[in-house]
Structure formats: structure tokens, C-alpha cells
Amino acid sequence: MVKKKILIIEDDNSIRRVVKEILQKENLYEVYEAFDGRDGVKKIIENKFNLILCDIKMPKMDGIEVLKKINLKKIFVPFIMLTGHGNVETAVSAMKLGAFDFIQKPPDLNRLLISVRGALKNKNFNIKLKNAQSKVIERFKIIGSSKKIKHVNDLIDKVSKTNARVLITGESGTGKEIVANQLHYKSYRSDSAFIEVNCAAIPSELIESELFGHIKGSFTSAVNDKKGKFELADSGTLFLDEIADLSLKAQAKVLRALQENKITRVGGSKDIKVDARVICATNKDLKAEIGKGNFREDLYHRLAVIEIKLPTLVERIDDIKELTFYFLDKISVENNVKKKKITNSAIAKLKENKWEGNIRELRNVIERLTILGDDPINIDNIKKFI
């Protein structure tokens, strides 16, 4: 069973310790601590918590400010406010900002546990969270009705409900990131974090710190302890994009993390348990990379439990009409311009293109046509802007 993650934001050490001990005795929760409001906001942004217990009166940033900042960032997490006897009126104000409950300090054991259980089961909050997740799923919707895309969607529906590791393959621009998001937000891990790492974009000397974190002083710029992406994705999903570009040294550490479900920070000696579902993507042929000595075969077999191969746009040419209308609608809204129509002959001309950049290239063409093309978009526009 995945334990719920609870953050206590409280500047009083004794209160924070008491609350933590009460919660840990239940053996149902992972309890984290923040020492003031600013530290709390930073931790909420960097992690995915199921519940926040937040003091109202704190230095640097009080509980009301914390609640307002998290609301502005549209992070959906229930708050229980901790308040002294003189701050009840302020606590009521917090309730108006969306806090679930408030508890006076020092907290009564039973009152605290009842409130925590209620907040975690709060139907109104869960409906709000599910609605937010539905919007994310819609945002990463795979557009198309072709046979090949239906097969991809069927695989996502089957695989998302499991913990199986997935390797997403396909040319650049085919939508690998969209598939990874769908796999996460349709899974039981959707309440936890989706952490993405582009392995090709991070210098080789920094990738281990990025993935596994580091200890203060382990190298020149390590001025503080830092959590890596594996830790941040604990109980959620870690998406390793462009996995083929990972160095062999980093590959060995990823293999250990997958085998043992634990990592060690750079410069550290302590093992840290992690429970992150790993999804990877690449536009390279990993078997060919294994043959060249660039990729570990044992890691490949750990990652490719399920492989989802995405078709090129030319392989799903029947989807071009549907994709075109989708992008015309979406791009007109993004650019605050009138949505343009398109002729059938223009659609037919789009289907003749080679689309070496796949869906990404099609989107760019439709954006140019939306901004610079005629209304309706005609075949001469296609010839000019493609």
C-alpha cells in the first residue's frame, strides 16, 4: 500500500515533533517537515503531497500567505490549519480560502486524526482533483482515429493500470511525451508527481546529480543537499526522455535503482528507498545502440517490459484531417485570432507531404497558416507555407 504524504509546516519545533509523532504512529503516512512558510511553499512546489498541516502564525511567510500562493499556482492539495487560541478568526479566513479544517494548538490526538482522515477522504476536494486531472488528460489527448492510433490508445488503457515499465519508441515529433503523460494520469499514481527528465539536455557531468541528488559539499557547486528526480517521483512516475543519450556510468546507476528500488545521492553513502514507476522514451534504435556498445543490454531488458511504438504521421495519414482541425482550433485560441476554415483540396495537399518532422512539423505549418494564410486556407497557401 502506498502511504499518503503529509507535510507539516510549523516553526515551533515542539509542536511539529508532537504532530509528526501522532501521525507516524498510524503507520499510514509519510511525514515531512518544513520550518517556516517559505520553506513550506518550496517543498510543496517541488514535491507532491496528499495533505498539508500548516501553522497560521509564522515568521517570513504566514499560513494565509502560504495558502494564497499555493492557490495561485493551482496546486490541488487539502490544508488543515494549526492555530493558537487567539487566531481562530484568522483560521476561519483560511477556511474561506479553501482550507479543509483548523485545529487549535496543542492538538488533541483524536481531533487531529479525525481531521486528517476526513481531509484525505474529502469528496469535494477529490472531485476538484479529478476534474483537474481530467483537464490534464484532455490536454495530452492523442488526436486521431486511425487503426494504428487506436492500437496505441488501447495499449495505454491496458498498461496505465499496472506498474509495468514502458519504453516508448518512435521518430521525433510523434508524441512520445503525450503518451507518457497519458500513462501517468490514467494510473493509480496520478495523485502523485509526474517528473520529467530530458537526458539529452543535461550535461553528462550533472546527470547523476539530477537523477539521484547530491550531498552538500560533494562537488564545487553543491552548496546544499539536493533531492534527485528519483526521490521527487517517489510514489509517482519518472519519465526519462531520450534515454539513449544517458552515459554508461549513469545507466549503471539507473539499473541499480530499478533492481533494488533504492538510490544513493552523489557524495552520500546512505541508501534511500524509492517507489517510482519509470517510463522511458527514445527516437533511437536501442538494440542497434547495444550493438555499438552505447547502451547496456541488461538495462534495456529492465526498461522494455512493455514497448509502445508510435507510428510516423505518414503511417497514419488518415489522421491528418482530424489533426488539422484540432490545431486550427487550438492555435487560433492561443494566438487570439479568428479560427480559419480550410478547403478539402488543401487537406488533400497536406496528405501528400512527407512530414519528416511528424506531428510537430504539421502543427508548425498550421500555425503559419493560421497567422498568415487566407480564410479559407486554400491549396495555394499550402504550397506557399509548407
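Predicted model: local features only at pLDDT ≥ 70, side-chain atom pairs only at ≥ 80, totals over all residues.
Helix 7, which runs over residues 147-160, has 14 residues and reaches 20 Å from its first C-alpha to its last, close to the 20 Å expected at 1.5 Å a residue.

- The buried residues in helix 7 are Ile149, Val152, Ile156, Val159 and Ser160, and they cover an arc of only 100° around the axis, which puts them on the same side of the helix.
- As background, an α-helix has 3.6 residues a turn, so residues three or four places apart point the same way.
- On the face of helix 7 that is turned away from its buried side, one finds the exposed residues Lys147 and Lys158.
- The cover over the buried residues of helix 7 includes strand 6 (166-169) and helix 8 (176-185), and it also includes strand 11 (277-282) and strand 12 (306-309).

**Aromatic pairs**

- The count of aromatic pairs, taken with ring centres within 6.5 Å, comes to five.
- One of them is formed by Tyr185 and Phe194, whose rings are 6.3 Å apart centre to centre with 40° between the planes, and this pair is tilted.
- Both Tyr185 and Phe194 are buried.
- In the pair of Phe212 and Phe230, the ring centres are 5.5 Å apart and the planes stand at 10°, so this pair is stacked, given that planes under 30 degrees apart count as stacked.
- Because Phe212 lies in helix 9 (residues 204-212) and Phe230 lies in helix 10 (residues 229-232), their pair ties together parts that are 18 residues apart in sequence.
- Phe212 is buried, with a relative accessible area of 2%, and Phe230 counts as buried at 2% relative accessibility.
- Ring pairs also link Tyr185, Phe194 and Phe239 into a cluster.

- Where does His214 lie? Its place is in the loop between helix 9 and helix 10.
- Is His214 buried or exposed? With a relative accessible area of 7%, His214 is buried, because buried means under 20%.
- The side chains of His214 and Ser209 are joined by a polar contact of 2.7 Å, while a polar atom of the His214 side chain lies 3.2 Å from the backbone oxygen of Asn224.
- Leaving aside residues up to four places away in sequence, His214 touches Ser209, Phe219, Ala222, Asn224, Asp225, Lys226, Arg265 and Val266.

Technical notes
Residues numbered from 1 in each chain as written. Heavy atoms only, no water. Phe/Tyr/Trp six-rings, centres within 6.5 Å; stacked < 30°, edge-to-face > 60°. Buried < 20%, exposed > 50% of the residue type's maximum accessible area, 1.4 Å probe, protein only. Helix = DSSP H or I, 4+ residues; strand = E, 2+ residues; numbered from the N terminus. Expected span 1.5 Å × (residues − 1). Arc of directions from axis to C-beta. Contact = heavy atoms within 4.5 Å. Polar contact = N/O pair within 3.5 Å; in protein donor to acceptor, adjacent residues only side chain to side chain.
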